[in-house]
Amino acid sequence: MSVAGLKKQFYKASQLVSEKVGGAEGTKLDDDFKEMEKKVDVTSKAVTEVLARTIEYLQPNPASRAKLTMLNTVSKIRGQVKNPGYPQSEGLLGECMIRHGKELGGESNFGDALLDAGESMKRLAEVKDSLDIEVKQNFIDPLQNLCDKDLKEIQHHLKKLEGRRLDFDYKKKRQGKIPDEELRQAMEKFEESKEVAETSMHNLLETDIEQVSQLSALVDAQLDYHRQAVQILDELADKLKRRMREASSRPKREYKPKPREPLDLGEPEQSNGGFPCATAPKITASSSFRSSDKPTRTPSSRSMPPLDQPSCKALYDFEPENDGELGFHEGDIITLTNQIDENWYEGMLHGQSGFFPLSYVEVLVPLPQRPRLHGPLPQ
């Protein structure tokens with residue numbers, strides 16, 4: 001940094017201390033500027049929180065949220081993305097229904113109904129994928145761009161304006177000791193920065209119709225999703241009602257137990273299946289004592305670990321797709337350490353820690369419930 005730059009930093013620091021500590025008054029900005037600055041600040045906070053809440057609305061699952069935020073506009077160049085790369089809860093439910101429907105077989109009314117419902121759930125998952133991608137490209141990405149460029153640029157101009165104001169006020173307070181040309185240059189730079197900041201804020205506030213357009217795109221995507229979801233569910237409801245009517249119209253099959261076959265006991269003297277009875281041995285005191293001993297139980301070759309802590313058993317294989325996820329195989333016993341939300345757990349296996357979906361495991365020993373706090377939390 002040059003000597004002039006160091007002097008300017010010293011001037012600004014001195015003026016700031018005199019205002020904060022000594023109560024000195026600096027140059028006041030007009031009310032219109034302050035009102036515009038306030039509106040920009042409110043807009044910035046609104047966009048930031050709406051972004052976070054929209055992503056959470058689309059995917060409550062933290063791992064899926066991370067994948068959703070990684071989707072970028074490069075996908076538009078390569079062609080329309082068919083799925084966002086993470087499973088939808090509707091799809092997982094559909095796969096579960098189809099698997100059990102096939103196990104029950106075609107002769108089961110419940111099995112056929114599960115197959116119908118499973119296919120509909122998988123269609124709902126595809127529609128939900130389209131919703132996530134549409135909202136990401138037409139609502140989340142434009143608002144994120146607003147935060148990263150326009151709002152960030154305005155903050156830069158406001159910060160630069162504050163620095164030049166401090167420099168101008170320091171030199172104005174020392175008028176006569178500082179050359180008039182230097183004071184005039186400081187005032188011109190302050191006025192220039194004020195005009196630039198004012199223009200950027202004005203442009204943002206005057207073009208907020210763009211944010212209205214993006215909000216409209218969000219609503220249109222939701223409407224399209226719900227229309228398709230209603231159509232899919234209506235078709236499923238009609239199928240299930242038709243199956244109920246067909247089942248009620250068919251005659252019920254009565255259960256008829258099979259006749260019992262007569263038991264041939266044979267001759268009385270050969271009541272043990274035709275073989276001659278052996279003479280019962282004499283029971284002595286020593287043999288009676290040995291016969292009363294109970295046989296020792298052989299332990300199973302696959303012993304379960306002691307379930308003295310929260311744990312669960314893997315029902316299926318789970319392959320991690322993101323950093324922080326814990327992979328396991330069917331039958332593994334996982335130690336539970338924390339519950340992230342209603343769909344995800346955190347646990348340990350073979351010395352490794354990570355989080356995994358609840359739908360892949362069966363809880364053997366649940367986590368202790370957290371005590372509920374009475375009264376409001378401290379701010």
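Strand 3 and strand 4 pair over six bridges, running antiparallel to each other. This is a predicted model, so keep that in mind throughout.

Histidine 350 sits in the loop that links strand 3 and strand 4. Is histidine 350 buried or exposed? With a relative accessible area of 73%, histidine 350 is exposed.

Moving across from strand 3, the next partner is strand 2: four bridges join strand 2 to strand 3 (residues 344-349), and the two run antiparallel. Here too there is a hairpin, with four residues joining strand 2 to strand 3. Strand 2 (residues 333-339) also pairs with strand 1 in the antiparallel sense, over three bridges. On its other flank, strand 1 (residues 311-314) is joined to strand 5 by four bridges, again antiparallel.

Here are some of the bridge partners across the sheet:

| Residue | Bridge partner | Strand of the partner |
|---|---|---|
| asparagine 338 | glutamate 346 | strand 3 |
| cysteine 312 | isoleucine 334 | strand 2 |
| cysteine 312 | valine 363 | strand 5 |

Cysteine 312 turns up in two rows. Its bridge partner in strand 2 is isoleucine 334, and its bridge partner in strand 5 is valine 363.

So where does the sheet fall in the chain? The protein chain has nine helices and five strands. Read from the N terminus, the elements go α-α-α-α-α-α-α-α-α-β-β-β-β-β. Of the 379 residues in the chain, 30% are buried.

On to the helices, starting with a pair. Two packed helices are described by the angle between their axes and the distance between the axes. Helix 6 (residues 109-173) packs against helix 8 (residues 209-249) at an angle of about 180°, and their axes lie 9 Å apart. An angle over 145 degrees counts as roughly antiparallel, and helix 6 and helix 8 are therefore roughly antiparallel to each other. What residue classes make up the contact of helix 6 with helix 8? There are 22 nonpolar residues in it, along with seven polar and eight charged ones.

Helix 6 is also where you'll find aspartate 132. Buried means under 20% relative accessible area, and aspartate 132 is buried because its value is 0%. The C-alpha atom of aspartate 132 is 8.9 Å from that of isoleucine 55, and the two residues are 77 apart in sequence.

Glutamine 185 makes a handy contrast in setting. This residue belongs to helix 7 (residues 180-206). Glutamine 185 is partly exposed, with a relative accessible area of 37%. Its C-alpha atom is separated by 8.7 Å from that of phenylalanine 168, which is 17 residues away along the chain.

Finally, helix 5. How far does helix 5 (residues 89-104) reach from its first C-alpha to its last? Its 16 residues reach 23 Å, close to the 22 Å expected at 1.5 Å a residue. The buried residues in helix 5 are Glu90, Gly91, Gly94, Met97, Ile98 and Gly101. Looking down the axis of helix 5, these buried residues fall within an arc of 125°, so they line one face of the helix. Over on the other side of helix 5, Ser89 and Glu103 are exposed.

Note on methods:
Residues numbered from 1 in each chain as written. Predicted model: local features only at pLDDT ≥ 70, side-chain atom pairs only at ≥ 80, totals over all residues. Heavy atoms only, no water. Pairing = 2+ DSSP bridges. Axes fitted to C-alpha atoms, helices over the stretch in contact; angles between N-to-C directions. Parallel < 35°, antiparallel > 145°, perpendicular 65-115°, else oblique. Nonpolar A, V, L, I, M, F, W, Y, C, P; charged D, E, K, R; others polar. Expected span 1.5 Å × (residues − 1). Buried < 20%, exposed > 50% of the residue type's maximum accessible area, 1.4 Å probe, protein only. Arc of directions from axis to C-beta.
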